[in-house]
Amino acid sequence: MHQFPVLLSLIAVSVLLMVTPVIGYRPWPHLKPNSSDLTLGSSKKFEGSSEFVQMRYHMGPVLTANITVHIVWYGRWQKSQKKIIREFINSISAVDAKRPSVAGWWKTVQLYTDQTGANISHTVHLGEEKNDRFYSHGKKLTRLSIQSVIKSAVTASTKPLPINPRSGLFLLLTSDDVYVQDFCGQVCGFHYFTFPSIVGYTLPYAWVGNSAKLCPGVCAYPFAVPKYMTGFKPLKSPNGDVGVDGMISVIGHEIAELATNPLVNAWYAGQDPVAPVEIADLCEGIYGTGGGGSYTGQLLNDKDGATFNMNGIGRRYLVQWVWNHILNYCTGPNALDQ
């Protein structure tokens, strides 16, 4: 297990105006996933497989200690919505869930190691929570003002969120009436680390927005379909909330990448640390066998017609697969859910 280098605090300040957070896209139906763009035609044997994809370790820290996810609920959230998200996070370590399971999906993330050979932690659990129901920084947030929201949460006079850079992650979730810079047009979520000049600490964090009112066809696909996709019908969401069910896959995407690349100097493909291709980026749009492009892959259907691909604690979810750097292709829960 590694302490985050002190030098990173100085680096964060120096690049404040030039870097952009690592982007977590939802699978836009009109775009090919990154992995398909790196393959030769349709000759791939496995989902997203390619001899040209080289996921490399760049010697930075990964989260080998037990991972705690602290949530900032920004805006107005229903109790039922919070419950769906909480149970998903707690499902990551729920080994007794019915297969295929969220815990089985996380086993691919656990394959990644640090320079000592220590694996990503098996344990991911829900930490403290903070409600910002009165929109303390308004209903339009920039990438930098998101860090100010986190600062407010960790420096609050009453019940501030705890700070543990080695194993604590901060998840800022915005309600469906909040617009974040580049939301819908370019991103549905992203992760990065906070700047000491703003927050006072270097902390891994992610933002994910509820797209239900703004762009469900982009960020909640396939539970909503863009208008230009005539003839396509949306799939039924497994928990009866299109916006939140769409968020689940983005949350999974970001937590997986935060665990393997928390300070954007650990696991990624490509040569550019400012815009790295990470373990979930390589599998955008792939949710099952045969997935790629606008096809999600083979999925499961509940008795009431809802679509999912893995089981959690008493719930079902649709979560994109992640890149397996040992096998060199995207894998889901069945690959390691033994």
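Mentor: Start with the link of Cys283 and Cys330, which is left-handed, with -100° about the S-S bond. This pair connects distant parts of the chain, 47 residues apart. Cys283 sits in the loop between β10 (267-269) and β11 (300-301), while Cys330 belongs to strand β16 (residues 329-331). The model is a predicted one, and in it the two sulfurs of Cys283 and Cys330 are 2.1 Å apart. Both ends fall under the 20% cut-off for buried residues: Cys283 has a relative accessible area of 0%, and Cys330 has 1%.

That bond is one of three disulfides in the structure. Another joins Cys184 to Cys215, with an S to S distance of 2.0 Å. The torsion about the S-S bond of Cys184 and Cys215 is about -75°, so this disulfide is left-handed. Cys184 lies in the loop between β7 (179-180) and β8 (189-193). Its partner, Cys215, is in the loop between β9 (204-209) and α6 (216-219). The two positions are 31 residues apart in sequence, so the bond ties together separate parts of the chain. Cys184 is buried at a relative accessible area of 16%, and Cys215 is buried too, at 8%.

The remaining bond runs from Cys188 to Cys219, with 1.9 Å from S to S. Here the torsion about the S-S bond is about -80°, so the link between Cys188 and Cys219 is left-handed. Cys188 is in the loop between β7 and β8, the loop that also holds Cys184. Cys219, by contrast, lies in helix α6. The pair of Cys188 and Cys219 therefore ties together parts that are 31 residues apart in sequence. Cys188 has a relative accessible area of 1%, which makes this residue buried. Cys219 is buried as well, with a value of 3%.

Last, the order of the pairs. When the bonded cysteines of the chain are numbered in sequence order, the pairing reads 1-3, 2-4, 5-6. In residue terms, the bonds are Cys184 to Cys215, Cys188 to Cys219 and Cys283 to Cys330.

Definitions and conventions:
Residues are numbered from 1 along each chain as its sequence is written. This is a predicted model: local features need pLDDT of at least 70, side-chain atom pairs count only at pLDDT 80 or more; totals for chains, interfaces and linings use all residues. Side-chain values use heavy atoms; hydrogens and water are left out. A disulfide is a pair of cysteine sulfur atoms within 2.5 Å. Helices (H or I, at least four residues) and strands (E, at least two) are DSSP runs, numbered from the N terminus. Buried means under 20% relative accessible area, exposed over 50%, partly exposed in between (1.4 Å probe, protein chains only).
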